[in-house]
Amino acid sequence: MTGRILRIELRRSAALGVALLSLVIGAALVLTSTEFYAGRWMQLAITARMMLMVLLPLALAGGALLGRRDARCRVGELFASTVRPRWQRVGPTAGALAVAVVTAYLLMFLVAAGWVVRTSGYFPANTIVVFAVGVPALIAAAWLGMAAGRAVPRLVTAPLVAVLGFVLVGLVPEWVMMADAASTLARFRPEPSAVLLVPVFTGGVDDFQTVTNRVSLLQMVWLVSLAATGLLLLGAVRRRAVALAVLPAVLGAAVTVPLLPVGGTRGAVVADPVAVELVCANDGPQVCVTRAHAGVLPDIVGPAREALAVIAAKLPDAPVRAVETRQVAYWAQLEPDLSPPRHPGDTLVFETPTINRSGGADLSDGYFVPSLLRAVWEQECGEGSEDDEPLARMLAAAWLTDRPPSLESWWDRADAERAQRAYQALVSLPQAEQRQRMAAAREAALDCRTDALLALLPEDKP
């Protein structure tokens with residue numbers, strides 16, 4: 001009987017409309033941002049969790065609409081006069097809404113997976129766990145919305161709980177993560193662990209990181225307890241039952257908050273050692289990328305070997321292989337890595353190229369080869385660079401190509417004139433001395449010293 005009622009609710013109630021609306025909105029959002037996850041399963045799971053910022057308010061509003069159904073149809077007193085417990089009557093409706101919102105969430109993920117499976121070379125096992133946290137989150141939102149609709153059966157309840165849900169999952173974490181007024185720009189306080197009670201990842205996760213299973217499981221414990229509170233509130237009749245219904249959420253928060261890490265999203269992730277394993281093309285000068293970005297390798301092999309040939313033609317002891325950096329981006333680190341491993345002199349380490357909407361490398365504006373030439377004079381030192389370092393690297397890259405430095409329009413005009421004067425002074429030297437100075441600048445850069453590179457620029461700034 002219960003199964004039959006559940007099927008009727010799925011076909012005829014607002015649950016189906018909530019599912020369709022959630023699927024359309026969620027799929028539209030993920031399909032318009034494929035460049036953020038194309039070719040990367042973990043980033044797809046993170047994107048799906050970010051979509052909860054929209055899906056959770058929709059589930060709350062849909063639940064509120066269903067929750068006010070009895071009052072709208074004026075059958076509350078009739079149902080209250082029956083001997084059947086309330087929770088037995090609302091159970092199929094709550095189950096139908098849970099199935100609807102979870103199905104929409106799963107379909108959204110499957111639709112977006114088409115942009116990952118074609119170019120991905122790595123599937124982290126805990127991608128499923130990270131994605132699955134959204135399931136109890138949506139169920140909890142749907143049931144809490146139903147409880148709110150039953151408690152306040154007004155037409156305005158649905159939009160109000162939707163706005164409140166968006167504020168709670170989208171804006172409150174951002175406010176909490178802001179530094180206090182006494183903090184400096186260089187030193188922020190770690191976000192409190194309670195921020196992770198919100199299942200939406202408002203901060204980014206680097207491609208070389210993964211969310212720990214411990215954090216995901218703790219979030220699931222909290223969200224399951226919150227869903228239990230929503231269901232108990234929905235079935236509660238007396239005030240005592242309403243008070244006891246809050247107990248699972250309180251206990252869930254009391255258990256999970258002390259165990260969750262501080263630092264928000266950055267505190268919930270760790271480096272993924274498998275994601276940074278190298279995948280290489282060995283049919284010529286070796287070019288390697290990380291396993292997380294295996295989809296870009298066919299696109300960059302040619303430009304990378306072209307850059308290695310240009311470097312070898314001018315620079316003594318030139319690098320013979322090009323390898324993608326395996327360092328986590330600074331913005332994704334809770335604590336900066338001040339002593340990363342240094343790469344050897346025969347290796348050119350380059351930044352990850354821009355990934356396009358299909359998971360390949362976007363090399364359309366020709367930035368990649370110049371960036372490789374500038375990377376010859378870079379080392380992963382774990383420290384901030386000096387103001388003139390980018391300009392000095394532009395000058396060094398121009399020397400490799402035998403062309404005067406051409407700076408973009410956003411560069412300061414004084415810097416452009418300074419680079420031109422430095423280039424003319426450099427190329428006016430004998431060839432042997434040019435090679436000697438540039439080799440010394442690279443050797444110093446590999447040792448995390450920038451004095452020889454900066455010495456290429458004139459000291460007098462216009």
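Q: Numbering the bonded cysteines in sequence order, what is the pairing?
A: The pairing is 1-2, 3-4. Keep in mind that this is a predicted model.

Q: How many disulfides is that by count?
A: The count comes to two disulfides.

Q: Which cysteine does C280 form a disulfide with?
A: C280 pairs with C288. Their sulfur atoms are 2.0 Å apart.

Q: Is the link of C280 and C288 right-handed or left-handed?
A: The link is right-handed, with 105 degrees about the S-S bond.

Q: Is C288 buried or exposed?
A: C288 is buried, and its relative accessible area is 0%. C280 is partly exposed, at 27%.

Q: And which cysteine does C381 form a disulfide with?
A: C381 pairs with C448. Their sulfur atoms sit 2.1 Å apart.

Q: Where in the chain are C381 and C448?
A: The pair links distant parts of the chain, 67 residues apart. C381 lies in the loop between α15 and α16. C448 lies in the loop between α18 (431-446) and α19 (451-454).

Q: Is the link of C381 and C448 left-handed or right-handed?
A: That link is left-handed, with -105 degrees about the S-S bond.

Q: Why does C381 count as buried?
A: C381 has 19% relative accessibility, and buried means under 20%, so C381 counts as buried. C448, at 24%, counts as partly exposed.

Q: Back to α15. Which of its residues are buried?
A: Helix α15 covers residues 368-375. Its buried residues are F368, V369, L372, L373 and A375.

Q: Where do the buried residues of α15 fall, seen down the axis?
A: They fall within an arc of 160 degrees, so they line one face of the helix.

Q: What covers the buried residues of α15?
A: The cover includes α14 (297-314), β6 (347-350) and α16 (389-401).

Q: How many residues make up the largest share of the lining, and where does that share come from?
A: The largest share is eight residues, and α9 supplies them.

Q: What does the lining have by class?
A: The lining of the second largest pocket has 23 nonpolar residues and one polar residue.

Key. Residues numbered from 1 in each chain as written. Predicted model: local features only at pLDDT ≥ 70, side-chain atom pairs only at ≥ 80, totals over all residues. Heavy atoms only, no water. Buried < 20%, exposed > 50% of the residue type's maximum accessible area, 1.4 Å probe, protein only. Helix = DSSP H or I, 4+ residues; strand = E, 2+ residues; numbered from the N terminus. Arc of directions from axis to C-beta. Contact = heavy atoms within 4.5 Å. Disulfide = S-S within 2.5 Å. Nonpolar A, V, L, I, M, F, W, Y, C, P; charged D, E, K, R; others polar.
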